[in-house]
Amino acid sequence: IILKEHSRVDFLKDLCKCSAVITASGFTTTSEALVIGKKLWSIPFGNHYEQLSNAKCLKKMGVFTKELNLRNIHN
């Protein structure tokens, strides 16, 4: 796992070069990752309806949506 600082300039380049993406369950990054065929771990942020709804749909699509913890990282 490589953590990167937020960069509008390098984001798309890093997204294209990476092998997988860990992100919140918002719409934009999850959609971009799926469109370009990246493995995706989408974690719903807080108790936000949009995040929970997106995670539910993503889970049906086979995306890993469990919480971020050491056990899930290992799995």
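1. Contacts of N72. In this predicted model, N72 touches W41, F64, K66 and E67, leaving aside residues up to four places away in sequence. N72 itself belongs to helix α4. The residue counts as buried, its relative accessibility being 11%. Two of the residues that N72 touches, W41 and F64, also form an aromatic pair with each other, and that pair is the subject of the next point.

2. The aromatic pair. A search of the whole structure returns one aromatic pair. W41 and F64 are its members, arranged edge-to-face, with 5.1 Å from centre to centre and 75° between the planes. The pair links distant parts of the chain, its members being 23 residues apart. W41 sits in strand β2 (residues 39-43), while F64 is placed in the loop between α3 (49-60) and α4 (70-74). N72, a residue of helix α4, is in contact with both W41 and F64.

3. Accessibility of the pair. W41 is buried, at 9% relative accessibility, whereas F64 is partly exposed, with a relative accessible area of 31%.

4. Cysteines. How many disulfides does the structure hold? The count is zero. For C16, the closest cysteine sulfur is that of C18, at 8.1 Å, which is too far for a bond. A disulfide would require the two sulfur atoms to be within 2.5 Å. C16 also counts as exposed, with a relative accessibility of 51%.

5. The largest pocket. About 880 Å³ of space is assigned to the largest pocket. Its lining consists of 22 residues, and those nearest the centre are I2, K4, A20, V21 and I22. Which secondary-structure elements each supply at least two residues of this lining? They are α1 (11-17) and β1 (20-24).

6. By residue class, the lining of the largest pocket comprises 12 nonpolar, five polar and five charged residues. Among the residues nearest the pocket centre are I2, A20, V21 and I22, together with K4; of these, Ala, Val and Ile are of the nonpolar class and Lys is of the charged class.

Notes. Residues are numbered from 1 along each chain as its sequence is written. This is a predicted model: local features need pLDDT of at least 70, side-chain atom pairs count only at pLDDT 80 or more; totals for chains, interfaces and linings use all residues. Side-chain values use heavy atoms; hydrogens and water are left out. Buried means under 20% relative accessible area, exposed over 50%, partly exposed in between (1.4 Å probe, protein chains only). Rings of Phe, Tyr and Trp (its six-membered ring) pair if their centres lie within 6.5 Å; planes under 30 degrees apart count as stacked, over 60 as edge-to-face and the rest as tilted. Helices (H or I, at least four residues) and strands (E, at least two) are DSSP runs, numbered from the N terminus. On a 1 Å grid over the protein atoms alone, a cavity is a set of points where a 1.4 Å probe fits but cannot get out, and a pocket is an open set with protein on both sides within 12 Å along at least five of seven lines; lining residues have an atom within 4 Å of a point. Grid points are joined across faces, edges and corners, and a volume is the space filled by probe spheres set on the points. Contact means heavy atoms within 4.5 Å.
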